[in-house]
Amino acid sequence: MNKSKETLITAFALFSLFFGAGNLILPPSLGFKSGELWWLVALGFCISAVLIPILGIFAHAKLQGTIFDFGKKVSPTFSLIYCLLIYTISISLPSPRTASVTHEIAIAPFFNTPPIYTSIAYFGLVLVFVLNRSKILTILGKILTPAILLILLTIISITLFDFEFSFGNARFLNPFADGILEGYQTFDAIGAIVVGGVLIISINLKNKKTTYEEKRKLIRKAGLLAGLGLLLIYSGLIVTGALMHSSFENSINRTALLNGISLKTLGNTANIFLSILVGLACFTTAVGIVTGTSDFMKHRFSESKNAYTITAIFGCILGVLMGQFNVDYIIAVASPALMFIYPITIVLILLNILPNKYTPSKVFKSVIYTTMLFSVPDFLSSIGFIKFSTTLEGWIPLSAYRLGWILPAIITLIIGNLVKVRTTMV
């Protein structure tokens, strides 16, 4: 296979691993609520749902290891706990959510069956794919992703050409910050370090003689192409939602909005097209998450195939159990966990992207611990344990937007490097 074709197939596979339930239902809803400020919301959303995840893939290209390598500069214990948290969250929330979205949009309109039946059939197929992991890149890259892109681009194109360019009033108080926080719900930054590991192992299985530098170039190019695809689709879906501000009730939920948009753009065949789209988009993400979790446990147990199989089965059983809940409930449950783990994940990605001379062990640790400390108030606030007072908001910049960790992390990084330089000079 020539390098250009391999890069394109890898990019398609990466896109499909990223593009799941949240990626499909969140952007139209954001656009619908953003009105004339759709571009500001889109900018915030794409920072947390495109830029950071693709930087995560770049970090994988540099490390070429597992998720464990992202936090090992802090300590092996920290890295192990972080990995376990990430994989627990991944197979407990975003993976089951894909089954829930599939049921609500692709199954419920056609069949009056309970969600448990959908979850069983869905994760049964996921298990088949996961247990045949050597074929994942080829199947995703050659077959599933082009189909997803074709259907999405059709919906976006029809909207742009057939609907009048008029926008309603924004319903966000802080559109840019709200866009960033909504991007958390895609789980894409977490997905980057999970599916990035899947990508590394899949490339190694197919190209055992490829050098470190060749793999780095392949992953970076594929990551960039996948990022451009995500940017195009997210922006298009946000604009699509914004242009339909007067077509639906303000209280419409995310899945009903996506159904409505598809009906208006694709006509009476919308449900069939949407069912195919949802099934493909959600399924590929679930496969990526369960595969990534199984790969990690296999690695922790001395490359044991039994560990891989047992983890895959457990992940699918958990998916069946959690996948019975409705989408909005799963999103609500996920929010507190994301308010704590997402900032840590973003900072880990950025620190691993930076040249090593700026991130020695002491600086690395200091920035991570600072991020953890300043993420706690956002986490406690999200579960209703505390509410930000005016005084607290005054002391912690950006805390009113639940982004109070950003400046402390940046300041710690700068101070750490200044101290390091001064110590070296002395």
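Helix axes are lines fitted to C-alpha atoms over the stretch in contact, and angles run from 0 to 180 degrees between N-to-C directions. Helices are DSSP runs (H or I, at least four residues), numbered from the N terminus.

This is a predicted model, in which local features need pLDDT of at least 70, side-chain atom pairs count only at pLDDT 80 or more, and totals for chains, interfaces and linings use all residues. Residues are numbered from 1 along each chain as its sequence is written, and side-chain values use heavy atoms, with hydrogens and water left out.

**View 1. Helix α5 packs on α14.** Helix α5 (residues 94-107) meets α14 at an angle of about 155°, and the axes are 9 Å apart. α5 is therefore roughly antiparallel to α14 (angles over 145 degrees count as such). The crossing is left-handed (the near helix is turned anticlockwise from the far one by less than a right angle). Pro96, Arg97, Ser100, Val101 and Glu104 of α5 touch Val327, Ile330 and Ile331 of α14 (contact means heavy atoms within 4.5 Å). By class, this contact has 5 nonpolar, 1 polar and 2 charged residues. Ala, Val, Leu, Ile, Met, Phe, Trp, Tyr, Cys and Pro count as nonpolar, Asp, Glu, Lys and Arg as charged, and the others, Gly among them, as polar.

**View 2. Helix α3 packs on α14.** α3 (residues 38-63) and α14 (residues 327-353) pack at about 50°, with axes 8 Å apart. The α3 side of the contact includes Ser48, Ile52, Leu55 and Phe58, and the α14 side includes Tyr342, Ile346 and Leu350. The contact has 10 nonpolar, 3 polar and 1 charged residues.

**View 3. The largest pocket has a volume of about 360 Å³.** A pocket is an open set of points on a 1 Å grid over the protein atoms alone, where a 1.4 Å probe fits, with protein on both sides within 12 Å along at least five of seven lines; lining residues have an atom within 4 Å of a point. Volume is the space filled by probe spheres set on the points, which are joined across faces, edges and corners. Of the 20 lining residues, Ile52, Ile346, Leu350, Trp405 and Ile406 lie nearest the centre. α3 gives the most, with 5 residues. The lining has 19 nonpolar, 1 polar and no charged residues.

**View 4. The second largest pocket has a volume of about 300 Å³.** Its lining holds 15 residues, with Leu181, Glu182, Ser335, Met339 and Arg402 nearest the centre. α8 and α14 each give two or more residues. The lining has 8 nonpolar, 3 polar and 4 charged residues.

How values were computed
Angles under 35 degrees count as roughly parallel, over 145 as roughly antiparallel, 65 to 115 as roughly perpendicular and the rest as oblique.
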